[in-house]
Amino acid sequence: MAIAAATGATAASRFGNMTLNHFIIRRQALALYRGFLRDLKGAPNKRDLQQWVRSEFERTRFETDLARIQNYIAAGKAERKRLANMVSLGHA
């Protein structure tokens with residue numbers, strides 16, 4: 001029991017007052033970010049694109065409104081498709 005209490009305290013301090021919906025959306029955002037990075041492997045201007053992706057995620061890092069976050073994720077998914085197409089065309 002002491003381990004569970006300690007783990008819960010650590011998780012609470014790490015994630016603050018995060019609701020289940022916030023936690024789920026956070027996981028979606030992290031998956032989207034990782035997907036961007038995977039798609040950029042082998043791109044000729046990889047560093048520049050990685051910096052751009054990171055800056056876009058950092059810009060919205062502290063957003064707490066669920067609707068806005070979901071809109072950012074939806075826009076990010078569309079942008080990821082465009083970027084993946086652009087990178088794949090660069091390899092052709």
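Here is a quick tour of this protein, from its overall layout to its core and one patch on its surface. Keep in mind that the model is predicted.

**Overall layout**
- Of the 92 residues in the protein, 15% are buried.
- The protein exposes about 7,000 Å², and carbon and sulfur atoms supply 56% of that area.

**The core**
- The largest nonpolar core is made of eight residues: Leu32, Phe36, Leu40, Ala43, Leu49, Val53, Leu83 and Val87.
- Helices α2, α3 (46-59) and α4 (66-91) are the elements that each give two or more residues to this core.
- Leu83 is one of the core residues, and if you set aside its neighbours within four places in sequence, Leu83 is in contact with Phe36, Leu40, Leu49 and Trp52.

- Leu20, Phe23 and Ile24 make a nonpolar surface patch of about 280 Å².
- Phe23, one of the patch residues, is found in helix α2, which covers residues 20-39.
- Phe23 counts as partly exposed because its relative accessibility is 35%, and partly exposed runs between the buried cut-off of under 20% and the exposed cut-off of over 50%.

Note on methods:
Residues are numbered from 1 along each chain as its sequence is written. This is a predicted model: local features need pLDDT of at least 70, side-chain atom pairs count only at pLDDT 80 or more; totals for chains, interfaces and linings use all residues. Side-chain values use heavy atoms; hydrogens and water are left out. Patches are made of residues with over 30% relative accessible area and no salt bridge: like charges are joined within 9 Å, nonpolar side chains (Val, Leu, Ile, Met, Phe, Trp, Tyr) within 5 Å. Accessible areas come from the Shrake-Rupley method with a 1.4 Å probe; for residues, only the protein chains shown count as cover. A salt bridge is a side-chain nitrogen of Lys or Arg within 4 Å of a carboxyl oxygen of Asp or Glu. Helices (H or I, at least four residues) and strands (E, at least two) are DSSP runs, numbered from the N terminus. Buried means under 20% relative accessible area, exposed over 50%, partly exposed in between (1.4 Å probe, protein chains only). A nonpolar core is a set of buried Ala, Val, Leu, Ile, Met, Phe, Trp, Tyr and Cys residues joined through side-chain atoms within 4.5 Å. Contact means heavy atoms within 4.5 Å.
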